[in-house]
Amino acid sequence: MTSAGHSESTPSQAGKHTPPRRSGTRRGEESGEQGYSAEVAWQVGEATVALGERLRDPSVPHNVPEIEKVMRGFSLTVEGMSAGVGGVTEWLRAAGHVGPLSGHASVMAERLSHIGKELTRLAEAIEQAQQQAS
C-alpha cells in the first residue's frame with residue numbers, strides 16, 4: 001500500500017478532478033449484486049483523494065463561498081460514512097463478530113459522526129466570517 005490507501009497497481013488520480021471512468025455494466029443498488037457497496041466506497045475514496053490534491057494545490061484559485069461548500073460536502077460525506085460504519089457494525093454483530101471487531105467499528109462510527117458535526121461547525125464559522133467581512 002502507498003500513501004492514501006492506494007495499492008501499487010491503482011492508477012493515481014493526481015491532477016484529475018473527476019472520478020475515474022469505469023467500463024462495463026454498473027451494478028444497481030436494487031440488484032443485490034455483491035460488490036456494489038465496495039465499488040461506490042472506492043469511487044468516493046478516489047474522488048476525495050483527487051479533491052484533497054486539488055485543495056492542496058496553491059495554483060488552483062478558491063473563494064470563501066466555495067470553501068464553505070467544500071466543508072459542507074466533507075461533512076455530508078463523513079456523516080454518510082458514520083451511518084455506513086454503523087450499519088457495518090450491526091452487520092458484524094449479526095454475523096457473530098461480537099467483541100473487539102464490532103466494538104472497534106462502533107467506536108469509529110461515533111468518531112466519524114463527531115468529525116462530521118465539527119466539519120459542519122467549521123462551515124458555519126466560515127459562512128459567519130464571510131458575512132461579517134461583507
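**View 1. N63 caps the start of α2 in this predicted model.** A side-chain oxygen of N63 sits 2.8 Å from the backbone nitrogen of E66, capping the N-terminal end of α2. That pair is a polar contact, meaning N or O atoms within 3.5 Å; within protein, one must be able to donate a hydrogen and the other to accept it, and residues adjacent in sequence count only if both atoms are side-chain atoms. Helices here (H or I, at least four residues) and strands (E, at least two) are DSSP runs, numbered from the N terminus. Residue numbers start from 1 along each chain as its sequence is written. As this is a predicted model, local features need pLDDT of at least 70 and side-chain atom pairs count only at pLDDT 80 or more, while totals for chains, interfaces and linings use all residues; side-chain values use heavy atoms, with hydrogens and water left out.

**View 2. Here is α2 from end to end.** The helix has 31 residues and runs 45 Å from its first C-alpha to its last, close to the 45 Å expected at 1.5 Å a residue (the expected span is 1.5 Å times one less than the number of residues). G96 follows α2, and its phi is positive, near 90°. Buried residues of α2 include E68, S75, S82, T89 and L92; buried means under 20% relative accessible area, exposed over 50%, and partly exposed in between (1.4 Å probe, protein chains only). The buried residues of α2 pack against α1 (36–56) and α3, with contact meaning heavy atoms within 4.5 Å.

**View 3. Seven residues make up the largest nonpolar core.** The members are V70, M71, V78, L112, L119, A123 and I126. For a nonpolar core, take buried Ala, Val, Leu, Ile, Met, Phe, Trp, Tyr and Cys residues joined through side-chain atoms within 4.5 Å. Both α2 (64–94) and α3 (100–133) supply at least two residues each, and α3 gives the most, with four. In soluble globular proteins, nonpolar side chains tend to be buried together.

**View 4. E127 and R72 tie α3 to α2.** Their salt bridge has its closest N and O atoms 3.2 Å apart; the term needs a side-chain nitrogen of Lys or Arg within 4 Å of a carboxyl oxygen of Asp or Glu. The two residues are 55 apart in the chain, so the pair links distant parts of it. E127 is partly exposed, at 29% relative accessible area, and R72 is partly exposed too, at 31%. Look for E68 as well: with R72 and E127, E68 is linked in a network of salt bridges.

**View 5. E90 pairs with R93 within α2.** The closest N and O atoms of this salt bridge are 3.2 Å apart. E90 is partly exposed at 49% relative accessibility, as is R93 at 35%.

**View 6. R121 meets E118 in α3.** Their side chains form a salt bridge at 2.3 Å, N to O. The two lie three residues apart, about one turn of the helix. R121 is partly exposed at 46%, and so is E118 at 36%. A search of the whole structure finds four salt bridges.
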